[in-house]
Every structure is written in C-alpha cells, then in structure tokens.
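Subject: Structure handover

Hi,

Here is the structure you are taking over. My notes on it follow below.

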Amino acid sequence: MPSSANSVSSSTRPEAFTAAGVFADAQVENGYVRANWQAIRARLRAVGLCGGAAFVLTGLVDIAAIGVVPILWVIMASRLALAGVAWLLVRSSLRTSIPVERIPGVRGQLFVFELLALPIVLLEVWTVPGSAAFYTMSVLLLVFALYAFAPLLSGSSLWLGPLLSLPFMGMVVAGHPNHLRLIATAMVLLGFANRIGWQIAVAHARHLRLAWVDRDALQKEVAERRSVERALEQSELHARLLFEDAPVPMLVLRLRDGAIVRSNQAAQAFLDAADPTRLSPVWLDGNGVSRRRDALFSRVVDGQALSPIELQLRTSQGALRDTLVSAQPIAYEGQECVLVGLTDVSDLKALQRQLQDQSEQDVLTRLPNRRGFNARARALLENEGQALALLMADLDHFKRVNDTYGHRVGDEMLAQIGALLGAHMRQADVVARFGGEEFVALLAIDNAEAALEAAERLRSYVELHPFATSAGVLRLSVSIGLALRESAGGAGELSALLEAADEALYRAKHAGRNRVELKLLSS
C-alpha cells in the first residue's frame, strides 16, 4: 500500500479514478478497502445473510406454490449455489481486519454472488408463471440493488445491471410481441434505472473514496500537529530535567585534570556511589588497561565531540560495567570541561555473548555446529603430546527415513542421535553435528586400539538402539570414518584430520556401510 501522503495527493485528481468511480491504482483501492473494512464487512454480512436467505426462501415458496417441476429444482440448485457464495461472504465479513492479499478473493466472492443472481432471475421469469408487470418490478428492484452495492468493492458490478436488463427485455418482447405499451414501459423503466443507477453508483463510489482521502489527510494533519506539540513538550521537559533529573548518567569532567565537578543522580546510581563527592570511576580499555581521564578526553581539546566508544568502567564499589562513553566540550563555571554521557551496555554485551554461543550450536541436536566444533577443537589440537582421534559418522540410508516417514520423523531421530552422542562421549571430547546426517567427534586417546574400540562401541550402540519416534520404533546403522593423529601435525592439522576421516568414511560406505574404517594421519 502506498504511503498516506501519496494516496492523499494523487487520489483527488480526476485521472485517479476509473469510469466506475473506483481508484485507478489497485494499491490505493486496496488501501481504501483495508481502511474502511469495518463498514464494508457489515454490508457484506447483510448482503450474505439477507440475500442468501431471500433467494433460498423464494425458491421454497415457488416449489410449494407450483409443485414439483423439474426446472424448479434446477433453479433451486442455482439458489443453493448462490447461498454457498453468500456463506463465503458472511465468513469473510467475520474478519475484524483484512490483509491485502485477501481483498481480491472477497471482491470476487461479491461479484460471483451478484452474477449468480442474474440467471436465477431470468430462469424464474422464463419458467414460472407470473405477470410481466410483476417481473418488471422485480428486475427493477434487483437492478437498483446491484447499483447500490457496486461501489462497495469493485466497479465491475456496474455492468450487471445492463447484463440483466437486456436479456429480460428480450424475454418481454418474445413473450408479449403485440403488447407495445408493456414493452415500451419496461424499456423506459429499465433504461431509466440503469442510467440513473449508474450515475448514482459512480457518484457514490467517488464520494466514499474522496471522504476517505479527506479523512486520511485530516488524520495525518492532526497526527503531525500532535507530533509537533509532543516534541515541544519533550523539549521543555528535557530543559527542566537536564541536568540533575536526566535519566541518562552524565558527568561534567574538568578537562585540565579529569576531575568530576558535577554529576547527576543517574550517574551516581550508575557508579554505585553513596556519596556523590567521592565518585572515582576507573576507565578501562578493551584489554582491561587503566587509562587516565585527561588522556581519554584529550581529543575534545580542539572543540570536537568524542564519538561513542566502548570502555569498561569500574565503579566505586568495584563492579565492572560495559559502557558506551560519549563526550562533548562545554564551558562550565568558567572552566573548560567535558560533558560525558554514559550508556550501560552490559546486557547487550551479555546478549552478544549469548548469540555467539547460539551461532555455534545446532538447534536440532543441541550439539555444536561446524563453527562451534572448530572453536572447541582448538584446545585439544594445541596439546602437542596428545594422540587424537577424529570420528566422522554418517547415518546409513537416512534419506529413506525422510522419504518414507517425513522430515519430522527424521528430525526426531537426529535429535536422539545428538542426545546419544552427548551422553556417551567423555566431557573432554568435542562432539558436533557437521551437517545433514553427519556427525564428528574429536577424542583424546591413548592409542589406536582405544580409538577403534570407541568407534566400534558407538557403531554398535547406534545399530542396537531403538529410536522411538512418532512413526514408531525405528532402527538405524552408522558408518564411521576414523582418523588418528599420534603426534602434532602443525598448521592445518584439523583440516588434515577431517580429510582423512572423510576418506575413511568413504571407504566404510563403499565397503557395505555399518562399519568402521581407519586412516592413520601421516606425520
């Protein structure tokens, strides 16, 4: 939907409307429908309930009055179809708001409802006995009703009046070829109804939409005025609150020696100072090194503001706070000073650390992901005297599980594999999901036999483990590629282990799966 400014400025021009009186721009028209949905849905509900009920009850009256005539059942079936569309309109009208993508559907429902009424009326005239005057008045009422609801959602309904009137006039002429007075009267009445109804419908459609444009412009003007008033009030409030009652911790530091000459209440609370005269924060850089305040703010000597920088600040009570510090040179009581603003970002830094941890964890299995594995494996790799084993495990025929039972069951099994690995590996081992159905584990070992035993134990446990899933108990096997490092390999060692384990896994897969293959990493 375009902005209100665009809709207000463009919608009042004549070219902004179609000949049917609706907005030429579909996005603007949809915006009008959304903004006026409460009124529109009330009329849709009335159309669906009253119109659907009227057509069904009229059909029942015809059957009761005339009897069981096959054509009446055809008409009744059409009436029931119309009642079905009416029910869709009622359901749509129950929505308290409507998204843009649903507007064309509701617009189509109303048009189909109106369109279905035409053949029902024409079949009624053609088959059910009745006077031409009665049917003419009935068609006139329907024509006016069609024009009354034309501006509601779409201008397409304007054409339904002529679409009903022309076949009906043909029926009148065919049924009463010698009754010129009746033919002329029906033609004049229907022509008048269509001409006047069309003009009224177009004028009504434009009126509704222009009223919305005016209301939108007025609301925007009121909102802008209120915004200006709020800004003025805020400015006055800040002038009163600044300096002492400002919610932002602020200090006034003497530029010459960095001494605090004034602080507000927020700063005193931030620095945990019971006595405002004894404020003594210690400024630390990112490496925890203390920095003199006069050196920290030496950049403002030339009258330049200090952009926010991140420092750790040790309070009067010894607590450390992650703080964004900004500074602005000012003159205070005849002295060159610096106005310092403090922003506590300790929670943000904690959240960043939490997000960092989450970025290294696989959501499904709760194991580290590839990135987390690389970070955690570093400590084991740096122990040059320690023999290491890297297990690369791949679930056999796991694609069949997804294809047969669906990805939901596959995810359940992967989660259980993750729990199994997490429970049966030692605390010092590094276990991770490497992607898809592939898992890795880096183990500190004493010798190759211990590594093979651990890999074989894992393979056997997976093979025998009953995986309880929503599809029942399933079984799996696993192929494992095992790479060994008996001495430090230097730079790129993790890549070499992974490559060797991957090669061993490839051999295990091609040797029949559900087995362990070993590759010794060369020194």
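A helix here is a DSSP run of H or I with at least four residues, and helices are numbered from the N terminus. With that in hand, α6 gives the most to the lining of the largest pocket: nine residues. One caution before you go on: this is a predicted model.

**Overall**

The protein has 16 helices and 14 strands. It runs to 523 residues, and 42% of them count as buried. Take the contacts with a separation of 6 or more: 64% of them join residues 24 or more positions apart. The accessible surface is about 28000 Å². Carbon and sulfur atoms hold 57% of that surface.

**Largest pocket**

The volume is about 640 Å³. The lining of this pocket counts 27 residues. Nearest the centre are Ala 54, Phe 55, Val 121, Ser 138 and Leu 142. Three helices each supply at least two lining residues: α3 (37-66), α5 (103-127) and α6 (132-153). By class, the lining of the largest pocket splits into 20 nonpolar, three polar and four charged residues.

**Second largest pocket**

This one holds about 260 Å³ of space. Its lining has 15 residues. His 424, Met 425, Leu 443, Ala 454 and Arg 457 lie nearest the centre. At least two lining residues come from each of α14 (407-424), β10 (438-445) and α15 (448-464). The largest share is from α15, with six residues. The class count for the second largest pocket is 10 nonpolar, one polar and four charged.

**Cavities**

How many cavities of 30 Å³ or more does the structure hold? There are four. The largest cavity has a volume of about 60 Å³. Its lining consists of Ala 393, Leu 395, Ile 417, Leu 421, Phe 439, Leu 458, Val 462, Val 478 and Ile 480. By class that is nine nonpolar residues, with no polar and no charged ones. β8 (387-395), α14, α15 and β13 (478-485) each give at least two residues to this lining.

**Helix α14**

The buried residues of α14 are Val 409, Gly 410, Met 413, Leu 414, Ile 417, Gly 418, Leu 420 and Leu 421. Ile 417 and Leu 421 are also in the lining of the largest cavity.

**Ala 511**

Where does Ala 511 lie? It sits in the loop between α16 (493-510) and β14 (516-520). Is Ala 511 buried, partly exposed or exposed? Its relative accessibility is 42%. Buried means under 20% and exposed means over 50%, with partly exposed in between. Ala 511 therefore counts as partly exposed.

Best wishes

Methods
Residues are numbered from 1 along each chain as its sequence is written. This is a predicted model: local features need pLDDT of at least 70, side-chain atom pairs count only at pLDDT 80 or more; totals for chains, interfaces and linings use all residues. Side-chain values use heavy atoms; hydrogens and water are left out. On a 1 Å grid over the protein atoms alone, a cavity is a set of points where a 1.4 Å probe fits but cannot get out, and a pocket is an open set with protein on both sides within 12 Å along at least five of seven lines; lining residues have an atom within 4 Å of a point. Grid points are joined across faces, edges and corners, and a volume is the space filled by probe spheres set on the points. Ala, Val, Leu, Ile, Met, Phe, Trp, Tyr, Cys and Pro count as nonpolar, Asp, Glu, Lys and Arg as charged, and the others, Gly among them, as polar. Buried means under 20% relative accessible area, exposed over 50%, partly exposed in between (1.4 Å probe, protein chains only). Contact means heavy atoms within 4.5 Å. Accessible areas come from the Shrake-Rupley method with a 1.4 Å probe; for residues, only the protein chains shown count as cover.
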